[in-house]
Amino acid sequence: MLHHVELWVRDLERAGARWGWLLAALGWEPYQEWGAGRSWRAGETYVVIEESPALRPGAGHDRMRPGMNHLAFHAPDRGTVDALAEGAAAHGWAVLFPERHPHAGGAEHYAVYLEDVDGFEVEVVAQ
């Protein structure tokens with residue numbers, strides 16, 4: 001099982017609002033909070049966003065370069081996937097592949113693919 005994922009962000013408040021909305025919709029609970037970061041937990045796994053003082057200047061995250069492309073989460077049902085797609089724009093996310101939603105991953109794959117303004121992509125898959 002995955003222990004945790006830590007994402008470094010350029011703007012903690014902006015990222016906190018976006019990730020907080022998404023993770024709460026998936027049943028994750030607020031876990032930790034400190035001056036430079038926040039985390040949410042589901043079971044023993046947690047996700048951290050941090051505006052680290054060690055961030056290097058320059059270009060931000062690019063999911064199309066070598067490195068992490070996206071995170072994928074389970075959704076409890078199709079209704080959650082649909083609600084995330086409907087509420088995405090109001091919470092700082094854009095739906096990727098809208099012309100193929102909710103089957104952008106194939107006919108048997110019910111999911112929403114979201115991207116935020118910092119270039120992080122999330123896939124949420126209905127069980």
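The exercises below work through a predicted model, each with a task and a stepwise solution.

**Exercise 1. The aromatic cluster**

Task: Work out which arrangement the rings of Trp19 and Trp93 adopt, and which parts of the chain their pair ties together.

Solution: Begin with the search of the whole structure, which finds five aromatic pairs. For one of them, that of Trp19 and Trp93, the ring centres are 5.2 Å apart and the planes stand at 80 degrees. Planes over 60 degrees apart count as edge-to-face, so the pair of Trp19 and Trp93 is edge-to-face.

Put together, Trp19, Trp93 and Phe120 form one aromatic cluster.

**Exercise 2. Buried or exposed?**

Task: Decide from the relative accessible area whether Trp19, Trp93 and Phe120 are buried or exposed.

Solution: The cut-off needed here is that a residue is buried under 20% relative accessible area. Trp19 has 0% relative accessibility and therefore counts as buried. Trp93, with a relative accessible area of 3%, is buried, and Phe120, at 6%, is buried as well.

**Exercise 3. The surroundings of Asp116**

Task: Locate Asp116 in the chain, classify its accessibility, and describe the partners of its side chain.

Solution: Asp116 belongs to strand β7 (residues 111-116), and because its relative accessible area is 4%, Asp116 is buried. Its side chain makes a polar contact of 2.9 Å with the side chain of Arg18, and also reaches the backbone nitrogen of Asp118 at 3.0 Å. Leaving aside residues up to four places away in sequence, Asp116 touches Arg18, Trp19, Gly92 and Trp93; of these, Trp19 and Trp93 are members of the aromatic cluster from the first exercise.

**Exercise 4. The two faces of strand β5**

Task: Assign the residues of strand β5 to its faces and find the bridge partner of His74.

Solution: In strand β5 (residues 70-75), Leu71, Phe73 and Ala75 make up the covered face, while His70, Ala72 and His74 make up the uncovered one. The strand pairs with β8 (residues 121-126) in the parallel sense, over six bridges. Within β8, Val125 is the bridge partner of His74.

Conventions
Residues numbered from 1 in each chain as written. Predicted model: local features only at pLDDT ≥ 70, side-chain atom pairs only at ≥ 80, totals over all residues. Heavy atoms only, no water. Buried < 20%, exposed > 50% of the residue type's maximum accessible area, 1.4 Å probe, protein only. Helix = DSSP H or I, 4+ residues; strand = E, 2+ residues; numbered from the N terminus. Pairing = 2+ DSSP bridges. Polar contact = N/O pair within 3.5 Å; in protein donor to acceptor, adjacent residues only side chain to side chain. Contact = heavy atoms within 4.5 Å. Phe/Tyr/Trp six-rings, centres within 6.5 Å; stacked < 30°, edge-to-face > 60°.
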